[in-house]
Each structure stands twice: as C-alpha cells, then as structure tokens.
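Dear colleague,

Please find below the sequence and structure that I am handing over to you. My account of what was found follows directly after them.

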Amino acid sequence: MIKHICFDLDGTLVDSKVTILESTKAALDELNIPHNIPEEIFNNMIGKHFVDIFMELKLNSVDFDQFIKIYKAFYFDFINESVLYPHVEEVLNYLNEKEIKVSLLTTKVQEQADKIISHFNLRKLFDFIMGRRDELEHKPSPESLLYICKDLRINSSETIMVGDTELDIQCGKNAGSKTCGVLYGYRSKDQIEKEKPDFIISGLTELKKIFT
C-alpha cells in the first residue's frame, strides 16, 4: 500500500531549464570563466550535482563554493522563466485529499528549494521539503529519501519516488521504494526505460491511476 510520494523538483514539478541555464551562464560570466555550454547537452545533465556537470563540461577551473553562492544570487533574476508542469497543483491536492504524504527531494540547497516552492505557492501541499544538506549524501544515494521517510514515519517500501532522471530512479530503488519515471522532463524515453522504474508516466495525472 502506497502511503507517501516523494517528488523530484526540476523536470518533474517545474520546467526550470531556462532558469538553470541562464543562471549558470550569468554566474560563470561573473567569475570570468569562458564557456560555451551546448543547451541540449546541458539540459540532459539537469538533476546532477554541479560538480559532476562541470567535470563533464570540462570546466575544471571553477571554484564550486564561489559559483554556487553567485548562482543562487542570480537564480531568482530568472525565476519567471520557470513554469509548473501541467496539473501539478491538481495532483498534489488530490494526494492530500487521499491522505497520501507528499514530499520533495532535490539536489538544490535547502534554502533555494524552500524559496522555489514558496514562489509557486505550493508549500501548504507538502509534508516535507528536502534540499541538499551537507550532512546527507545526495541522489542516487538513498540517504536523503530514507531521512524523509523516517521523519514522516513511513516505510520506504510504502513510498514512490517520482522523477525524470536516472538519479531519482536509482535513489528510490536504493531506498527500497517503488519508482516512477516521467517522460516529459530532461531525459529521453530510452534513458528512463533503461532504469526499469516500476511505473512510467507521460503526465502527472497518470499518478491517480495508482490509487484507483
């Protein structure tokens, strides 16, 4: 019996690719670091830790802590480029009505995660919001998801991890949870299917079928 659904943020609830890319470019410009980031390749990396993204883009001279500080400062200059995916609020309300616990798990830092959820007026629909915390390993480690489950007093086996990347699905599997891959985010259908999630959906309203 499913008692808890944990959502990824970027590419799952919020289409934020323009905000993320423009904030990244602005921060690199501020640091005087030359860059020519291919948009399609960058979008396919969203969800990964910036350390890993920079390694893949061969931006090895970036001071990560300084970058993150500047990136966070620029992020809300571009927040209006981000939009909720269709039916997000409808589905979150549905889960609340069904008394299903709802949480968020993102690699964004805690302060930023809280501000984004508040920006979209969704805070009241979540039981727990988990941003990146220094003391906990980030996805695909199960550590943060298990922390959420413990706080909500829900078994991880009664949980579905919903996300658009391999990191989300691997995190859920590593925690012993059910997993659901979404096809409208930042990974291809082949990439999602390769991870063999328990469910694959093309839109959030399809989650309702699990409870009917």
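A search of the whole structure, which is a predicted model, finds 2 cavities of 30 Å³ or more.

The largest cavity holds about 280 Å³ of space. Its lining consists of 24 residues, and those nearest its centre are Asp10, Lys48, Phe50, Thr107 and Lys108. At least two lining residues come from each of helix H3 (50-56), helix H4 (64-75), strand E4 (101-109) and helix H8 (166-175). By class, the lining of the largest cavity comprises 10 nonpolar, 8 charged and 6 polar residues.

The second largest cavity has a volume of about 60 Å³. Among the residues that line this second cavity are Leu105, Thr106, Thr107, Met130, Gly131 and Arg132. Two or more residues of this lining are given by each of E4 and strand E5 (128-132). The lining of the second largest cavity divides into 5 polar, 4 charged and 3 nonpolar residues.

I would also draw your attention to helix H5. Which residues of helix H5 (residues 88-97) are buried? They are Val88, Val91, Leu92, Tyr94 and Leu95. Viewed down the axis of H5, these buried residues fall within an arc of 155°, so they line one face of the helix. The cover over the buried residues of H5 includes strand E1 (4-7), strand E3 (83-84) and E4. Just after H5, Glu99 adopts a positive phi of about 60°.

Yours sincerely

Notes: Residues numbered from 1 in each chain as written. Predicted model: local features only at pLDDT ≥ 70, side-chain atom pairs only at ≥ 80, totals over all residues. Heavy atoms only, no water. 1 Å grid on protein atoms, 1.4 Å probe; cavity = no way out; pocket = protein on both sides within 12 Å on 5 of 7 lines; lining within 4 Å. Points joined across faces, edges and corners; volume = space filled by probe spheres on them. Helix = DSSP H or I, 4+ residues; strand = E, 2+ residues; numbered from the N terminus. Nonpolar A, V, L, I, M, F, W, Y, C, P; charged D, E, K, R; others polar. Buried < 20%, exposed > 50% of the residue type's maximum accessible area, 1.4 Å probe, protein only. Arc of directions from axis to C-beta. Contact = heavy atoms within 4.5 Å.
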